[in-house]
Amino acid sequence: MSIATPEFGTAGPEAGARSEDYLWTLNFGPQHPATHTTLRLVLKLDGERVVDAMPEMGYLHSGFEKIGEHLSFNQYVTVTDRMNYISPMANNVAWHGAVETLLGIELTPRCTYIRTIIAELARISDHLLSNGAVGLDTGAFTFFLYGFYQREVIYDIFETLCGARFTNSYTRVGGASHDFTPLVIEKIRIFLKNFPKTLNDMERLLTRNRIFVDRTKGVGVLTKEEAINGGATGPVARASGVTRDLRKDDPYLAYGDLDFQVCCASAGDCYSRYLVRMQEMRESLRIVAQALENLPAGPVDVGIGQRVARPTKQQVYSTIEGTISHFELSMSNRGFEVPHEESYAATEAPNGELGFYIVGDGSENAYRARCRPPSVLHFALFPQLIRGHTLSDVVAVLGSLNIIAAELDR
Amino acid sequence: MPSMPLAVDDILAGLAARCGAVETSVFRGQTRVVVPEPRSFEALAWLKEQGFDLLIDVTCVDYLEYPGAKHRYGLVYLLVSTATNCRLTVRVFVDDPDPTVKSVVPLWAAANWLEREVWDLFGIRFSGHPDLRRLVMPQEFTAHPLRKDYPLQGRGERHNFPIITRDHS
């Protein structure tokens with residue numbers, strides 16, 4: 001279908017006003033149940049067809065990057081929880097991964113495996129919600145509830161692990177706040193056993209569902225060139241045929257040891273993004289299963305020699321090194337040795353490449369803590385995906401891009 | 001894109017040949033190159049031709065309080081080649097009173113919103129940007145809050161809300 005697309009935003013307000021008098025302008029959001037979070041779209045409609053869209057953000061801006069300059073590396077992890085709040089564990093892992101890159105800390109093998117497991121569980125819970133939301137917005141409520149039930153199981157695992165269901169703040173510089181207990185491992189094993197069944201049910205509900213396929217196939221097509229040029233990463237880029245996954249291309253944590261596949265599609269439409277996410281959940285299950293069975297023994301935190309992670313109570317009370325290390329880490333003028341340098345480290349978060357560009361100035365706070373959120377670039381792609389489609393496709397495209405406004409605005 | 005992707009050393013040498021003296025450094029395996037501001041667009045366009053097709057991020061650091069800093073603002077362009085997975089960080093330094101760089105939107109569409117965010121939060125003007133409006137702050141906001149001379153608390157808070165006291169409620 002070919003529809004004349006006037007330059008929205010770039011042309012002046014008077015340009016071509018006469019010929020566009022019949023067009024409707026619709027405000028979608030900032031408060032709308034189908035935007036899921038607080039974002040706004042100004043849609044230009046010709047009847048039911050979207051001629052152009054202007055995405056608007058900033059309604060949830062809370063200055064996270066400014067706060068990051070005033071909190072220490074361990075404190076800021078609580079703020080990263082609130083970025084992509086449907087998979088906070090992935091943000092924790094990304095933040096402390098970047099801090100450890102800056103400080104040059106080598107993690108213990110157990111810690112890398114634990115972080116891998118929780119990051120993959122976070123990916124499953126994120127994909128369940130984003131695919132569930134696409135289903136919900138196109139009329140499949142059961143699918144969403146199946147997904148949400150399993151998210152609850154993952155929340156329960158995280159609660160058993162660190163005491164918080166939602167805003168976990170689990171990682172620490174050089175380690176994690178809690179070690180895996182036998183109960184946590186047991187719960188993850190039960191999840192690994194039960195989840196494939198639900199996943200099969202979910203696939204049977206929606207993957208070949210005629211209504212869903214009609215609503216999503218060929219809708220919101222993003223070509224490979226557009227995806228790369230527009231900076232798309234993660235499932236959005238992979239659904240367009242970009243074979244880029246940081247877990248394979250730039251292995252961090254324990255991904256280099258584990259066997260998994262990168263899921264790609266070539267059509268680049270909403271349906272492909274749905275399929276990529278569904279398949280990625282299966283791969284994540286494989287990763288979790290392998291990592292859990294090969295979980296190395298030993299400490300989670302790095303040793304007291306590196307002087308970044310707090311020593312255990314046993315070490316503090318029975319060794320002089322532990323006492324000194326604990327004392328110095330608690331002093332405001334001792335703490336970490338931060339180089340006068342800057343570095344960027346990224347992880348493959350559920351939404352795409354989530355990276356932090358951190359500038360160290362020798363103090364315990366970052367001089368600059370830039371978060372590279374995948375959602376911003378995906379949201380900027382929205383107008384070109386929706387042009388020519390109908391109003392009801394807006395929610396399908398928005399859901400399949402998985403825009404999280406808290407991460408968008410920070 | 002060339003048929004054979006270049007190695008990082010060749011790219012840096014080529015960049016130095018095109019844009020005069022460029023300063024390079026490596027930290028934690030990340031190669032960084034400083035490009036002089038007047039040649040930044042040229043340098044980035046050349047890098048894109050060499051296969052750096054994915055612009056990961058455009059951001060900025062305000063070095064006002066940074067010990068030993070020579071310039072006020074340092075822009076950061078994070079480039080990746082999707083073919084070789086080679087990463088390169090390009091730095092461009094600009095100074096007050098009128099920090100301006102050439103926009104890279106003609107090269108990467110991804111730069112559009114990223115540069116708007118830098119303009120919004122740091123007040124760095126991107127010449128040639130098609131739509132340089134604020135991205136996250138309200139349009140009527142007057143300051144650039146991620147600058148180091150902007151305080152964490154106090155200024156600009158609730159600037160457009162009426163303050164209702166107990167007596168006037």
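At what angle do helix 4 of chain A and helix 5 of chain A pack, and how far apart are their axes?

1. **Ground rules.** This is a predicted model, in which local features need pLDDT of at least 70, side-chain atom pairs count only at pLDDT 80 or more, and totals for chains, interfaces and linings use all residues. Residues are numbered from 1 along each chain as its sequence is written, while chains are lettered from A and ligands numbered from 1 in the order in which they are written.

2. **Helices 4 and 5 of chain A.** Helix 4 of chain A and helix 5 of chain A pack at about 160 degrees with their axes 8 Å apart. This makes helix 4 of chain A roughly antiparallel to helix 5 of chain A. Helices here are DSSP runs of H or I with at least four residues, strands are runs of E with at least two, and both are numbered from the N terminus. Axes are lines fitted to C-alpha atoms, for helices over the stretch in contact, and angles run from 0 to 180 degrees between N-to-C directions. Angles under 35 degrees count as roughly parallel, over 145 as roughly antiparallel, 65 to 115 as roughly perpendicular and the rest as oblique. The crossing of helix 4 of chain A and helix 5 of chain A is left-handed (the near helix is turned anticlockwise from the far one by less than a right angle; clockwise would be right-handed).

3. **Who meets whom.** On the helix 4 side of this contact you will find, among others, A:Leu121, A:Ile124, A:Leu128 and A:Gly135, and on the helix 5 side residues including A:Phe144, A:Gly147, A:Phe148 and A:Ile154. Two residues are in contact if their C-beta atoms, placed from the backbone, lie within 7 Å. The contact of helix 4 of chain A with helix 5 of chain A divides into eleven nonpolar, six polar and one charged residues. Ala, Val, Leu, Ile, Met, Phe, Trp, Tyr, Cys and Pro count as nonpolar, Asp, Glu, Lys and Arg as charged, and the others, Gly among them, as polar.

4. **The loop between them.** A:Ala140 sits in the loop between helix 4 (109-137) and helix 5 (141-162) of chain A. A:Ala140 is buried, as 21 other C-beta atoms lie within 10 Å (buried means 20 or more such atoms, exposed 12 or fewer, and partly exposed in between, with C-beta atoms placed from the backbone). Leaving aside residues up to four places away in sequence, A:Ala140 touches A:Gly135, A:Leu205, A:Leu206 and A:Phe212. A:Leu205 is 65 residues from A:Ala140 in sequence, yet their C-alpha atoms are 8.6 Å apart.

5. The axes of helix 4 and helix 16 (residues 393-401) of chain A come within 8 Å and cross at roughly 175 degrees. Helix 4 and helix 16 of chain A are therefore roughly antiparallel to each other. Helix 4 contributes A:Ser130, A:Ala133, A:Val134 and A:Asp137, and helix 16 contributes A:Val395, A:Ala396, A:Gly399 and A:Ser400.

6. Strand 7 (residues 352-360) and strand 8 of chain A pair in the antiparallel sense over six bridges (pairing requires at least two DSSP bridges). A:Tyr357 stands opposite A:Arg370 of strand 8. Five residues lie between the strands of this hairpin, where A:Gly362 takes a positive phi near 90 degrees. Seven of the seven residues of strand 8 (residues 366-372) are buried, so strand 8 of chain A is largely enclosed by the rest of the structure.

7. **Chain B in outline.** Chain B has three helices and seven strands, running α-β-β-α-β-β-β-β-α-β from the N terminus. Its C-alpha atoms fill a box of roughly 75 × 35 × 30 Å along the principal axes. Of the 169 residues in chain B, 36% are buried.

8. **Backbone details to look at.** The peptide bond from B:Asp96 to B:Pro97 is cis, with omega near 5 degrees, and B:Pro97 lies in the loop between strand 5 (87-94) and strand 6 (100-102) of chain B. B:Arg28 is not a glycine but has a positive phi of about 50 degrees. B:Arg28 is partly exposed, with 14 other C-beta atoms within 10 Å.

9. **Where the chains meet.** The contact takes 30 residues from chain B and 36 residues from chain A. Strand 3 of chain B gives the most to the side of chain B that touches chain A, with six residues. That side divides into 20 nonpolar, six polar and four charged residues.
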